[in-house]
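Please take the sequence and the three-dimensional view together, and follow the paragraphs below with both at hand.

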Amino acid sequence: VGFHPTGICGAMGCSLLAGRLMELDHQKLEWAQGVALSLASGTMQPMQDGTWTKRLHPGAAAASGITAAALADGGFTGPAQAYEGRFGFYNIFLSELRTKGDPALVVQGLGERWEFARTSVKLFPACHQMHAFMNAAIKIADEHRFRPEDIERVETLVADVARELVCEPAEAKRRPQSSYAAQFSLQYGMAASLTRKRFGLQEIEAPAYTEPALLELARKVDYAIDPNAAFPKKRSGEVIVTLKNGAKLRERQEIDPDEPASAEAITRKFFDNAELAIPRSRAEKIRDVILALEKQPGARALTSLLAS
């Protein structure tokens, strides 16, 4: 309905996490969620013009959750039934979609199955709806010999839910005007992935998203609705590249949101990002401390290394 889940769900979840760390009792944890319900915020409106506020939502959600827990700890009361109440989370934020959900899943396996281990990590700095397409485009570019100028057109098959997010308005998506807009342009993402065989931080900064050759290829990218899209259980992406000699190169990829990225892929992304700012040797030290966090008596070893 237009709310950004990170901003809304993040505040609710963080109020519980902060409350647990503060050792709040049952009553105060309930208050904290009730307070967070009034602090949770964030809509998808910045997606319409590429402005920055969506980037604010994760940090704002964390701040709201911590604030809610701190207020509850001090005796500030929050409403009960923050989720299932008449004006609670489900009815207000989900609107008519609430009838399609299964609230029983919230407590299924509680205390036995841990969802954090199934967290999906983004390997590309772009909308998650684009990742399967990038995997497909990079695979095509890796497996076939062609130049960008050899491409006649590129067709993508997208889930209907992703159309307005990453495909429309088409002309604006083909010429992103900002780094943020580049992160939500399937047309530009396909051009960069087919040409550079990657999509990292360097691809969402100028001069990449203003590069004439990439914009020319983005102009050749179209989309159609995928009749076999499996969203939300899976994020699928099908790419068909037609070359000027008539050859068609086709690849379909799927991403399971419940299947975390491999440790090797996450580590590779970390180094790709970190080495833009610090030497490899320091990045390796940070990696080693992070991977051994469970053996550390506290956060000092990591924070000291980050600040040095």
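Two residues are said to be in contact when they have heavy atoms within 4.5 Å. In this model, which is predicted, V241 is in contact with I140, I151, R153, V154, L194, A247, K248 and L249, once its neighbours within four places in sequence are left aside. V241 and L194 are also the residues with the most contacts inside the largest nonpolar core, which has 40 residues. At least two residues of this core come from each of α5 (131–143), β1 (151–158), α6 (160–167), α8 (179–183), α9 (186–196), α10 (212–218) and β3 (235–243). Another core, of 12 residues, lies apart from it and has A11, A61, A68 and A82 among its members. In soluble globular proteins, nonpolar side chains tend to be buried together.

Finally, the whole structure holds eight aromatic pairs. In one of them, the rings of Y83 and F89 have their centres 5.9 Å apart and their planes at 55 degrees, so this pair is tilted. The rings of F89 and Y90 also have their centres 5.9 Å apart, but their planes stand at 85 degrees, so this pair is edge-to-face. F89 counts as buried at 10% relative accessibility, whereas Y90, at 22%, counts as partly exposed. Together, F3, Y83, F89, Y90 and F93 form one aromatic cluster.

How values were computed: Residues numbered from 1 in each chain as written. Predicted model: local features only at pLDDT ≥ 70, side-chain atom pairs only at ≥ 80, totals over all residues. Heavy atoms only, no water. Core = buried A, V, L, I, M, F, W, Y, C linked by side-chain atoms within 4.5 Å. Buried < 20%, exposed > 50% of the residue type's maximum accessible area, 1.4 Å probe, protein only. Helix = DSSP H or I, 4+ residues; strand = E, 2+ residues; numbered from the N terminus. Phe/Tyr/Trp six-rings, centres within 6.5 Å; stacked < 30°, edge-to-face > 60°.
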